Amino acid sequence: MTLQGMKEILEAEVIVGHDKLDLEVKEAGCADLMSDILFFGKEGMLLLTGLTNPHVVNTAYALDIAAIVIVRGKRPLPETVRLAEELQIPLLSTQYILFEAVGRLYVKGLIGCMEKAGEKRDQT
């Protein structure tokens, strides 16, 4: 699924990364604890979160996460936007709550980056 497709499904606003909407993403993860993302996050995944601080972008950069979607209509802090621009990480915002946003993407074919804690998802 492309970021453009996700943008439409989530009725999201693109804050950073208008030029990357053709980026293909196959997996996603969601959390408000960046330590959880550091544990199960994967390169190229989509991160959905309610956090708006620069730590989210730093975590995404460290794991080479494809893009970030901020949920619940929250607006990222100006320093978060600046960092996302600097590191070229797409940043979107949706009015949907985390549960609804994840569900909408899942039913359209986006899968989680893992099924159960400690297990890798079979990509065959």
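Lysine 108 is in contact (heavy atoms within 4.5 Å) with Met1 and Ile9, leaving aside its neighbours within four places in sequence. The model is a predicted one: local features need pLDDT of at least 70, side-chain atom pairs count only at pLDDT 80 or more, and totals for chains, interfaces and linings use all residues. Residues are numbered from 1 along each chain as its sequence is written, and side-chain values use heavy atoms, with hydrogens and water left out.

Lysine 108 lies in the loop between α5 (98-107) and β6 (111-112). Helices (H or I, at least four residues) and strands (E, at least two) are DSSP runs, numbered from the N terminus. Lysine 108 counts as exposed because its relative accessibility is 55%. Exposed means over 50% relative accessible area, buried under 20%, and partly exposed in between (1.4 Å probe, protein chains only). Methionine 1 is 107 residues from lysine 108 in sequence. In space, their C-alpha atoms are 8.5 Å apart.

Strand β3 is covered on both faces. Leu46 and Leu48 are buried on one side, and Leu47 and Thr49 are buried on the other. In a regular strand the side chains alternate between the two faces of the sheet. Strands count as paired if DSSP finds at least two bridges between them. Strand β2 (residues 27-30) pairs with β3 in the parallel sense, over three bridges. The chain crosses from β2 through α2 to β3, and this β-α-β crossover is right-handed. That term applies if, with the strands pointing away from the viewer, the path from the first strand over the helix to the second runs clockwise. A right-handed β-α-β unit is made by β3, α3 and β4.

Threonine 49 is in strand β3. This residue counts as buried because its relative accessibility is 0%. Its side chain is joined to that of aspartate 32 by a polar contact of 2.9 Å. A polar contact is a pair of N or O atoms within 3.5 Å; within protein, one must be able to donate a hydrogen and the other to accept it, and residues adjacent in sequence count only if both atoms are side-chain atoms. Not counting residues up to four places away in sequence, threonine 49 touches several residues, including Val56, Ile68, Ile70 and Leu98.

Helix α3 spans residues 54-63, with Val56, Val57, Thr59 and Ala60 buried. These four lie on the same side of α3, because they cover an arc of only 160° around the axis. The arc is that of the directions from the helix axis to the C-beta atoms. The buried residues of α3 pack against α2 (34-40), β3 (46-49), β4 (67-70) and α4 (78-87). Exposed residues Tyr61 and Ala62 are on the face turned away from the buried side. At the start of α3, a side-chain oxygen of asparagine 53 comes to within 3.0 Å of the backbone nitrogen of histidine 55. Just after α3, aspartate 64 has a positive phi of about 60°.

A disulfide is a pair of cysteine sulfur atoms within 2.5 Å, and by this rule the count is zero. Cysteine 30 is in no disulfide, and its nearest cysteine sulfur, that of cysteine 113, is 8.7 Å away. Cysteine 30 counts as partly exposed, at 31% relative accessibility. Cysteine 113 is buried, with a relative accessible area of 4%.
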